[in-house]
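Work through the exercises below with the structure open. Each task is followed by a stepwise solution.

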Protein chains: 2
Amino acid sequence: MGWGDLGGGVLGQPAKETPNLDQMAAEGVTLTDFYTANPLCSPSRAALLTGRLPIRNGFYTTNDHARNSYTPQEIVGGIADFELLLPELLQKGGYHNKIVGKWHLGHQEQYLPLKHGFHEWFGAPNCHFGPYDDGKTPNIPVYRNAEMVGRYYEEFAIDKHKGVSNLTQMYIKEAVEFIEEHSNTTKPFFLYWAPDSTHGPVYASMPFIGKSQRGRYGDAVMELDHGVGAILRTLERLAIDKRTFVFFTSDNGAAVSDRAASGSNGPFLCGKQTTFEGGMREPAIAWWPGQIKNPGTRKRRLPGKLEVFTRVELMLSVKFLCHAEWRPVFFYRGNEMMAVRYGFYKAHYWTWSNGWDEIKVGIDFCPGQVLANMTQHEQQNHTARPLLFHLGRDPGEKFPVRFSSPEYDAAMSPIRRIVVEHKRNLVAGTPQLNVCDVAVQ
Amino acid sequence: MGWGDLGGGVLGQPAKETPNLDQMAAEGVTLTDFYTANPLCSPSRAALLTGRLPIRNGFYTTNDHARNSYTPQEIVGGIADFELLLPELLQKGGYHNKIVGKWHLGHQEQYLPLKHGFHEWFGAPNCHFGPYDDGKTPNIPVYRNAEMVGRYYEEFAIDKHKGVSNLTQMYIKEAVEFIEEHSNTTKPFFLYWAPDSTHGPVYASMPFIGKSQRGRYGDAVMELDHGVGAILRTLERLAIDKRTFVFFTSDNGAAVSDRAASGSNGPFLCGKQTTFEGGMREPAIAWWPGQIKNPGTRKRRLPGKLEVFTRVELMLSVKFLCHAEWRPVFFYRGNEMMAVRYGFYKAHYWTWSNGWDEIKVGIDFCPGQVLANMTQHEQQNHTARPLLFHLGRDPGEKFPVRFSSPEYDAAMSPIRRIVVEHKRNLVAGTPQLNVCDVAVQ
């Protein structure tokens, strides 16, 4: 889901599919400059839960320079035991934790949610790709807690042809019931609501089919928005909204390569898989009635997912929304640091959209957006003289700051120091996404 | 000013420079699919005031196929006497009318505002280009009513180098004072507030310099937004807000070719001068406390400026906001019908960004946006088989509907009929922008 998929009321989607998220924004705080730690699903979610860059927590591959990777069924690796996940910290603080939806941190038993801080789980370790044959490749399993209770396309129906499935409704029901069960106890709860909807193949439940003006993708956005509304209204109905902190974001920018189901990244360049703004900048709304001052305001300075983790760790204080400072944001693709943002400046050390092999079969990560030295189909190394953009003046990354300008030197000087320090201090994790083996399915 | 220049609160500008327009949208109705009649200043304003396409009201040229034209100082033509302008109609209805700011409908005496329905004027017939030498080219005159009271860069200072001018403040003051003067009379009033700010060379007054995160352009947007706020607050202070209809829009999409002062057209293709969505789709907000039901909502179906005129003519009824139906929208560049929108479909009969002559000197109407057969630098005629886009699924005009699909035939069938009928019924006006003569300055 992309930055531009929200609104009319918030961030500028003309199809206005998100009345509940718009209302959440009006009652909370919208963070306009919020980043994921990676423009692909698995690494992004691993970063959200560990508070560490994928290059540190191991959610990357060294097989193929600057290629993102995720956790398909045949992947051998997963989240390491020594990584400290947000639910583990919260568990120590007395929280009861549930994940609803997609896990994506490894699908072998030792990597599953209940081994990593969650008390409950309803969902799947992977995306709903498929259907597969039952021989070489089984369909993705769906779990209730530690137990497999069926498979996508089998017990959990998805009609790919019609784009119909009840999955999001099931995930909404799970969320609402979990909140109801835990609203009366003194024990605090943590719900990680991670539906996999809007990911292709795109689906929605029947009441949402054809409801939007954007086709299946818009229908899916409307249903997700409906889910957010159901969760917030449940908190209000149970009168626990004033003691519940809710944060909405996405794992990566909208995929824009599929003509039948392209999301929107608003004014930003490209989308999912890329380290341009379209791939990394996320919609982000914080909500906590009574605790958030000046509801309806917009804040720029919250650098990204790692920050959320860090701050949640600090006893879930929302003070960060007022006091956050600029910190550098590192943009990785796989094992390569592609870019750095510091303040309003973003410096691209490497640039690439996607390779000719994909372009030839019609997969383009930047359709309609072509910028010299930026979106080309071979990887370019700009380390000696990074391409620099001012994201205030130029959020679309269209007009690089001139190399010969005083502005370039002034902006690059702290960035160069930050990058040297980052690389010196970096302890890269063991790459978990290097090895596939069909036997682990 | 572009569709994407508003918000965070409304339409998705991450720099959140428009709190007053955001509030206006929250209290009124935002029209997400509102179009100008031309992507350039003079023809757009002529269409707004006459309710007729520039090809009909004469604000085009036949000199150079599909070139937009405007009214520089040496232009001979202007708005014809037989054209019925909105202020003329309102005058007949007993209104007292004032224009504050840029006129742009011809600069010879017979074309000026007081000859065409306005009782008062403070502003200039043209943009604030310059400064010029006093010999061959004089600076643009500024008028109070029928009298010239000075010139830009002389009596009305603009510091191009620093991007500083008090002009917008003067235009705000004029608007507020006009409203104050006419709030107590039984005579209704019409104020056409048409500041020329955000047009290059971009300026703002000192208190707004450096205030935005987008440089000079953002500073100018903030000052315009401040002006809108001043006007709405004046209406409220004088307790006439419940009997005053306010409509905000822009004359064309944001210019995106100037790296130092690029506006934002959100998710749309290209900008000013083009008939892509970025050039023609405008921010549009209607405001009338107590009269607009469901404030804060978004409506898609108001096709554009001509519609506003038609409806204002019908006794300023705001019912149109609820009952408007799809009507075809015609997209012209100069003397050529480039595209048609009907319902969610937009068919491009001609495509072009801008010519190699401009590209060679660094002027690009679509920087960073390159789509085959759409944004190329030679004019392409697609009349035999127009390029078709579904603006619901694909607001960025990136993925043409396949020629061989049933959808293409189904959508093109009514569009072809509409175009035949349009061209058959079209009575083209005498082209007013064909002849230049320095003697008329």
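Accessible areas here come from the Shrake-Rupley method with a 1.4 Å probe. The model is predicted.

**Exercise 1.** State the accessible surface of chain A and the share that belongs to carbon and sulfur atoms.

*Solution.* Step 1: the surface of chain A comes to about 16600 Å². Step 2: carbon and sulfur atoms hold 53% of that area. Step 3: turn to burial; 63% of the 441 residues in chain A are buried, where buried means under 20% relative accessible area.

**Exercise 2.** Describe the open sheet of 4 strands in chain A and what packs on it.

*Solution.* Step 1: the strand order is β14-β15-β16-β19, with antiparallel pairing. Step 2: β14 (329–333) and β19 (387–390) each have a single partner strand, so one side of each lacks a neighbour in the sheet. Step 3: neighbouring strands are turned by 20 degrees against each other on average, direction ignored. Step 4: 5 bridges join β14(A) to β15 (residues 336–342) of chain A. A:Phe331 stands opposite A:Ala339 in β15(A). Step 5: helix α11 (residues 406–425) of chain A packs on the sheet and touches β14, β15, β16 and β19. The direction of α11 makes about 130 degrees with that of β15(A).

**Exercise 3.** Find where in chain A the pLDDT is below 50.

*Solution.* Step 1: chain A averages a pLDDT of 91. Step 2: residues 313–323 fall below 50. Step 3: where pLDDT is low, the predicted coordinates should not be read in detail.

Technical notes: Residues numbered from 1 in each chain as written. Chains lettered and ligands numbered in written order. Predicted model: local features only at pLDDT ≥ 70, side-chain atom pairs only at ≥ 80, totals over all residues. Heavy atoms only, no water. pLDDT = per-residue confidence, 0-100. Contact = heavy atoms within 4.5 Å. Pairing = 2+ DSSP bridges. Helix = DSSP H or I, 4+ residues; strand = E, 2+ residues; numbered from the N terminus. Axes fitted to C-alpha atoms, helices over the stretch in contact; angles between N-to-C directions. Buried < 20%, exposed > 50% of the residue type's maximum accessible area, 1.4 Å probe, protein only.
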